[in-house]
Amino acid sequence: MTENEVFEKVRTVLEDALGVDEDEVTKDATLVGDLGAESIDFLDIVFRLEKSFDIKIDQAELFPDNVLNDPAYVQDGKVTDEGFALLKERMPHADLDGFADNRDVEEFSNVFTVQAVTRFIQARV
Amino acid sequence: MRWTYLDVITDLVKDERCVAIRNISLAEEVLHDHFAMDEQAGRRPVPVMPNTLVIEGAAQCGGILTGHARDFKEKVVLAKIGKANFTGISAGPGTTLRHTAHLDRIDGSGSATVNTVELIDPHTGDVQPYAEIELMFSHVDQNRKGLAFPEHNFVFTDDFMDLLQRSGFPVDASIDPRQGT
């Protein structure tokens, strides 16, 4: 399956899960900031991706925000060096360059882009 | 299920389906204040069940199915109404709604159910499709995100255990809040 074919199916999943229009689901769009996803939507997205691509997905693999709940990896609202290294290891599908500058926990959701989801699925199918 | 909205559970198959009955009575206060009319058809206003409460019934049915999958040990709360399509017919006093929930997906964080609702006229035996509803549930203890919830299971309470038992399904003593009271 080509990246574009994966993207088109991911786009349909996100349209259904988030109630957004097709033209809003661009590759650069962030799930939270641009498409309005809330926490339960991530589970909905995982379920729909599983069904659409007939694969099993662990939510913590695709969206490992549980790392940020561990005080060992967060200090004063910023992800520590150790935490950032772990995120890089666990999120090869995401572009963390923009996040690397300030590592503000509040801005972590910006790494969850449509492109990141597409890359994650691409590696599985 | 801090309040019990279903009358009886007629079928409960783990990880598969839950079927429940909800009878509609003119004695319900909500029907005293909720009317539907059709001016074009010249139909006078008649009391009907609000569809928001039909969704509540579907949510309880799906919530029971989700809870049953984890032996009622999780606190299951409705998290999202993905879709709710109604056929447009009215459910008035003297009719019955039959809720069926099918488990679509479940994992540690929560579940997704696909529900159908049928309207039954007990007088004629007619059964008509009433609604199709897709729901998501959260296991709140697994999704706290820093929020605090009570330790006791405020979802599957003693009222719920009464419903389960009255419907003919066994209640495990280890999860029964009525034990020791």
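Ile57(A) counts as partly exposed because 18 C-beta neighbours lie inside 10 Å. The cut-offs are these: with C-beta atoms placed from the backbone, a residue is buried if 20 or more other C-beta atoms lie within 10 Å of its own, exposed if 12 or fewer, and partly exposed in between. This is a predicted model, in which local features need pLDDT of at least 70 and side-chain atom pairs count only at pLDDT 80 or more, while totals for chains, interfaces and linings use all residues. Residues are numbered from 1 along each chain as its sequence is written, and chains are lettered from A and ligands numbered from 1 in the order in which they are written.

Where is Ile57(A) in chain A? It sits in the loop between helix H2 (39–53) and helix H3 (59–62). Helices here are DSSP runs of H or I with at least four residues, strands are runs of E with at least two, and both are numbered from the N terminus. Leaving aside neighbours within four places in sequence, Ile57(A) is in contact with Val46(A), Leu49(A), Glu50(A) and Leu62(A); contact means that the C-beta atoms, placed from the backbone, lie within 7 Å. Arg124(A) is 67 residues from Ile57(A) in sequence, and their C-alpha atoms are 9.4 Å apart.

Now chain A as a whole. It has 6 helices and 2 strands, in the order α-α-α-β-β-α-α-α from the N terminus. Its radius of gyration is 14 Å, close to the 14 Å that the globule rule gives for 125 residues, so chain A is as compact as a globular protein of that length. That radius is taken over C-alpha atoms, and the rule is 2.2 Å times the number of residues to the power 0.38. Of the 125 residues in chain A, 30% are buried. Among its contacts between residues at least 6 apart in sequence, 54% join residues at least 24 apart.

Chain B comes to 3 helices and 8 strands, running β-β-α-β-β-α-β-β-β-β-α from the N terminus. Along the principal axes, its C-alpha trace spans about 55 × 30 × 30 Å. For chain B, 30% of the 181 residues count as buried. Helix H2 of chain B, residues 51–69, has 19 residues and should span 27 Å at 1.5 Å a residue; its end C-alpha atoms are 27 Å apart, which agrees. The expected span is 1.5 Å times one less than the number of residues. Just after H2(B), Asp71(B) takes a positive phi of about 55°.

Which residues touch the most other members of the largest nonpolar core? They are Val10(A), Leu14(A), Ala58(B) and Cys61(B), in a core of 64 residues. Such a core is a set of buried Ala, Val, Leu, Ile, Met, Phe, Trp, Tyr and Cys residues joined through C-beta atoms within 7 Å. Not counting residues up to four places away in sequence, Cys61(B) touches Leu6(B), Cys18(B), Ala20(B), His99(B), Ala101(B) and Asn115(B).

The contact between the chains takes 11 residues from chain B and 7 residues from chain A. On the chain B side, strands E5 (76–86), E7 (110–120) and E8 (127–139) each give two or more residues, and E5(B) has the largest share, 3 residues.

Last, confidence. The model scores ipTM 0.77 and pTM 0.85. Chain B averages a pLDDT of 90, with 94% of the residues at 70 or above; pLDDT is the predictor's confidence in each residue, from 0 to 100.

Technical notes:
Contact = placed C-beta atoms within 7 Å.
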